[in-house]
Amino acid sequence: MNRRPVIFGVGAAAIVALALVLAFTGNNAEAGTGPIIAEANGVPIYQSFADSRVAGVDSIHGDIEETLGADWRTFILKTLVDDVIMRQEAERRSLEVSSDDLDEKVEEVKRQVGTDQDFDAWLTQNGMDLA
């Protein structure tokens, strides 16, 4: 069985996910506030990161427990840890995401949120911008 296409597909998806992570959350652990709730490979994960992730899920999908299930807190923390690991691995491999890929993913998120005005409000609500 040839696993290369599956691995490539997963790798490509991870790169696009990384682009969104970097675009929407930045790459600076110092930007976090509140208590440190976890650490991933030496990088602190702040309560404010979890709060922003919860607000983002809630603003797009509604009730977080209904969307992610009763174990949503663990899921949110796991995604934050995964973000750190993906960012570090991309840096280690010197991977870059093209602006076209990033623009495509931003447009996909905009479609999920609704209008451009809804998207701007969602970004503001979650303490993000496209700068």
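The following exercises, each with a worked solution, concern the predicted model shown above.

Residues are numbered from 1 along each chain as its sequence is written, and side-chain values use heavy atoms, with hydrogens and water left out. Because the model is predicted, local features need pLDDT of at least 70 and side-chain atom pairs count only at pLDDT 80 or more, while totals for chains, interfaces and linings use all residues.

**Exercise 1. The chain as a whole**

Determine the secondary structure content of the chain and the share of its residues that is buried.

Solution. Helices (H or I, at least four residues) and strands (E, at least two) are taken as DSSP runs, numbered from the N terminus. On that basis the chain holds six helices and two strands. Their order along the sequence is α-β-β-α-α-α-α-α. Next comes burial: a residue is buried under 20% relative accessible area, exposed over 50%, and partly exposed in between (1.4 Å probe, protein chains only). Of the 131 residues, 25% count as buried. Finally, contacts (heavy atoms within 4.5 Å) may be examined. Among those between residues at least 6 apart in sequence, 54% join residues at least 24 apart.

**Exercise 2. Salt bridges**

State how many salt bridges the model contains, and describe the pairs D83 with R53 and K110 with E107.

Solution. The criterion is a side-chain nitrogen of Lys or Arg within 4 Å of a carboxyl oxygen of Asp or Glu. Side chains of opposite charge can pair when their charged atoms come close. The count is six salt bridges.

- D83 and R53 meet with an N to O distance of 2.4 Å. D83 belongs to helix α4 (residues 72-92) and R53 to helix α2 (residues 47-61), so this pair ties together parts that are 30 residues apart in sequence. D83 is buried, at 9% relative accessibility.
- K110 and E107 have their closest N and O atoms 3.4 Å apart. The two residues are three apart in helix α5 (residues 99-113), which means that about one helical turn separates them. K110 is buried at 17%, whereas E107 is partly exposed at 37%.

A further step concerns E89, which forms a salt bridge with R93 at 2.6 Å, N to O. E89 is partly exposed, with a relative accessibility of 26%. E89, R92 and R93 are linked in a network of salt bridges.

**Exercise 3. The faces of helix α5**

Solution. After α5 comes G114, with a positive phi near 135°.

**Exercise 4. An aromatic pair**

Classify the pairing of Y46 and F49.

Solution. Rings of Phe, Tyr and Trp (its six-membered ring) pair if their centres lie within 6.5 Å; planes under 30 degrees apart are stacked, over 60 edge-to-face, and the rest tilted. One aromatic pair is found. Y46 and F49 form this pair, with 5.6 Å centre to centre and 85° between the planes, and the geometry is edge-to-face. Y46 is buried at 11% relative accessibility, while F49 is partly exposed at 25%.
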